[in-house]
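Q: Could you take me through this structure? I would like to begin with one side-chain contact and then move on to other topics.
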Amino acid sequence: METDVLIIGGGMAGGAMAALLADTGLRVRVFDGAPEPAAAEGEPGLRVSALNEASHWLLRSAGAWQRLPEERVCAYTDMAVRDGDGTGEVDFQAGEAGADQLGWILENAALVCALYETCRERDAVHWETGVRVTALVREEQGWRAELADGSTRHARLLIGADGAHSRVRDAAGIPAPVRDSGHYALVATLNTERAHGRCARQAFLDSGPVALLPLFGDGHQCSLVWSAPPDEIERLAALDDAAFARELTTATGAWLGELQPASARAHFPVRELHASDYSRPGLALIGDAAHVVHPLAGQGINLGLLDAGVLAEEIERALNRGFAFDHESVLRRYQRRRRGHNAFMQNALRGFQFVFEQRAPAARWVRNTGMRGLNQLAPVKGALARQALGRDGDLPARARPRGATRNAHSDDAEGA
Ligand SMILES: Cc1cc2nc3c(=O)[nH]c(=O)nc-3n(C[C@H](O)[C@H](O)[C@H](O)COP(=O)(O)OP(=O)(O)OC[C@H]3O[C@@H](n4cnc5c(N)ncnc54)[C@H](O)[C@@H]3O)c2cc1C
């Protein structure tokens, strides 16, 4: 098959990109180095994401949301953010923003599998797994990809969805300064004594944020993301299960009663980056290949999915007007619509981290008094809840509830 659009990376961003382009008439190819995605089963996977409403509608319009195993998705209705010593707290309920839920927690692997299955049913998309791209070469029109087995593929438009260490970004010579956040993140699945009640909780300790994300099942399992300086995370990772459980329960002020690890623990450095450009002639970057943000507010893939939605919208707009879908102006428009928003979010998260890292008593008093005040202000809380839902900003039409009904693959969209 000839290829119009070649997507390197079949993670959540690349997979969504392919599914969103499936109806455009373009011939799309995805290369991913990982093995074929398999349906999630058994204990929850360690890597999960909180997806917002905009991501939900986008994935639904692409036909992938409907393929997620319902019993492995947890819709959460509440969010609670607390200072580590419990003197400041803000709670949000979905109802404050006129929504049924604030978002959904699901396994990354389940979403990739749903996207893969969606694409496999579409003639226009060819998704190859276990294929590692080793080099990318600019040609007169488009790019040539060289694969580990020595073969090559040409496409007019190359999309880099190959994650933080993007080879596509490097091949295009796009700088992406890396910032060390000063944190490592430790992830694990936990059993909780008290039911999570579909509430996503985050406690800001002196060392960094601890998130307890509600999981599917009997209401007594959460996904833990604990961010702290590297030596602290390495110490926590080395504890035996009983000592780890004790420290975690104490650190969270027994918010959900006693916590017990229900999985192995994994940890890794939290590094942020932002590409100086999202496009070059015949090439665009999306998802973590373009930007990596601190996981503290669970925004990374929500931003990546919006990249895919906006790029697909700009490509479709060009096709509908009879313009070249890979024209520089199309890619520039994509960059204009997304880069500022992602930079804003990255800076906002850094600001958040800074505010919660203040240890001086006066600074803590101001912050915690502010949190208590905010908790009484319904309009401000409503605005923050709408932001969490992903309703603000320059959304692609398919990320809005109305947009979902336009797509032939979302017949049941109204019922969601
Ligand atoms: C602890 C933690 C918690 C998080 N929680 C949330 C959350 O709650 N909500 C949220 O929105 N975000 C969250 N994030 C962020 C989110 O996980 C990332 O933004 C997301 O995984 C990025 O997806 P991606 O598809 O852009 O890249 P990746 O997931 O990195 O996928 C890249 C793909 O490219 C492939 N690839 C790479 N190189 C090549 C090559 N040379 N050839 C072929 N294939 C290649 C890989 O196999 C991979 O499949 C969290 C992140 C962390 C670290």
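A: In this predicted model, the side chains of aspartate 277 and arginine 280 are joined by a polar contact of 3.2 Å. A polar contact is a pair of N or O atoms within 3.5 Å; within protein, one must be able to donate a hydrogen and the other to accept it, and residues adjacent in sequence count only if both atoms are side-chain atoms.

Q: What do I need to know about the numbering and the model?
A: Residues are numbered from 1 along each chain as its sequence is written, and side-chain values use heavy atoms, leaving out hydrogens and water. Because the model is predicted, local features need pLDDT of at least 70 and side-chain atom pairs count only at pLDDT 80 or more, whereas totals for chains, interfaces and linings use all residues.

Q: Where is aspartate 277 found?
A: Aspartate 277 sits in the loop between strand E18 (266-274) and strand E19 (279-280). Strands (E, at least two residues) and helices (H or I, at least four) are DSSP runs, numbered from the N terminus.

Q: Is aspartate 277 buried or exposed?
A: Aspartate 277 is buried, with a relative accessible area of 17%. Buried means under 20% relative accessible area, exposed over 50%, and partly exposed in between (1.4 Å probe, protein chains only).

Q: Which residues does aspartate 277 touch?
A: Not counting residues up to four places away in sequence, aspartate 277 touches Ile174, Leu285, Arg332, Gln335 and Arg339. Contact here means heavy atoms within 4.5 Å.

Q: New topic: how many disulfides does the whole structure have?
A: A search finds zero disulfides, a disulfide being a pair of cysteine sulfur atoms within 2.5 Å.

Q: Which backbone atoms lie by its polar atoms?
A: Among them, a backbone N or O atom of alanine 13 lies 3.0 Å from a ligand oxygen atom. A backbone N or O atom of valine 133 lies 3.1 Å from a ligand nitrogen atom.
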